[in-house]
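Let's take a friendly walk through the packing of this chain. Have the sequence and the model side by side as you read.

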Amino acid sequence: MQRHGRGGGTAAPVSRIRVAGLVLLIAYLIVVGWLALRPLPVPWVAPANLQPLATIRSDLAEGSLEALRGLARDLALLAPLGVLLPLASGRAERPLAVTCARTVSAGALISSAILLLQSGVPGHSVDVDSVLLNTAGVALACLLVFPLVRAWLRRRSDDMAPWGGSVHGTGASDALPLRDEAGGSAPPRAARVGIAP
């Protein structure tokens, strides 16, 4: 028997979305780990930058295409986490401000972990501005893209009937629900009437 959610939709599509988000999140983190933690054959490594915004200011002052491309690369590296983390954690229905705050915090922790791991990999230097740009990318994706994804998922779940059939469908496969949506109780039964002798 299928359980019904409070919003009128079934719990099965929500769990499928959560599993899909979790699989995509793990796959994306594997790709990011491979890109960010592979050794680079470079003749020299830039010194570590522990002063916030120093690299960003120097790249913007330089204004070259390569410097701006580096800023955009750092901004986009973890940006998909702004959508994948809420989907994988099942927070798609919670208030947007709470969801974004938790997602940005998790993105900052993931970026800091990558930075710490990069410090021991040849060809990489520690740059605190990478963490700032990665976190800003997660925040932008969560604020700009995730509301659109959440609205699409809500429209999709509204198109599904509470018992798993389509709202627009009228075929015989659309069965009535076995439990009351609001209270979760069984449907009313007729009272038993005794038979006279």
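Predicted model: local features only at pLDDT ≥ 70, side-chain atom pairs only at ≥ 80, totals over all residues.

Residues are numbered from 1 along each chain as its sequence is written, and side-chain values use heavy atoms, with hydrogens and water left out.

A88 and L25 both belong to the largest nonpolar core, which has 10 residues, including V32, I114 and V138. Such a core is a set of buried Ala, Val, Leu, Ile, Met, Phe, Trp, Tyr and Cys residues joined through side-chain atoms within 4.5 Å, with buried meaning under 20% relative accessible area (1.4 Å probe, protein chains only). Two or more residues come from each of α1 (11-37) and α4 (81-89), and α4 gives the most, with four. Helices here are DSSP runs (H or I, at least four residues), numbered from the N terminus. A separate core of five residues includes V83, L87, A92 and L153.

Now for a helix pair, α3 and α6, whose axes come within 6 Å and cross at roughly 55°. The axes are lines fitted to C-alpha atoms over the stretch in contact, with angles from 0 to 180 degrees between N-to-C directions. These are the residues that meet:

| Helix | Range | Residues in the contact |
|---|---|---|
| α3 | residues 65-77 | L71, D74, L75 and L77 |
| α6 | residues 128-144 | S130, L133, N134, A136, G137 and L140 |

Conventions:
Buried < 20%, exposed > 50% of the residue type's maximum accessible area, 1.4 Å probe, protein only. Contact = heavy atoms within 4.5 Å.
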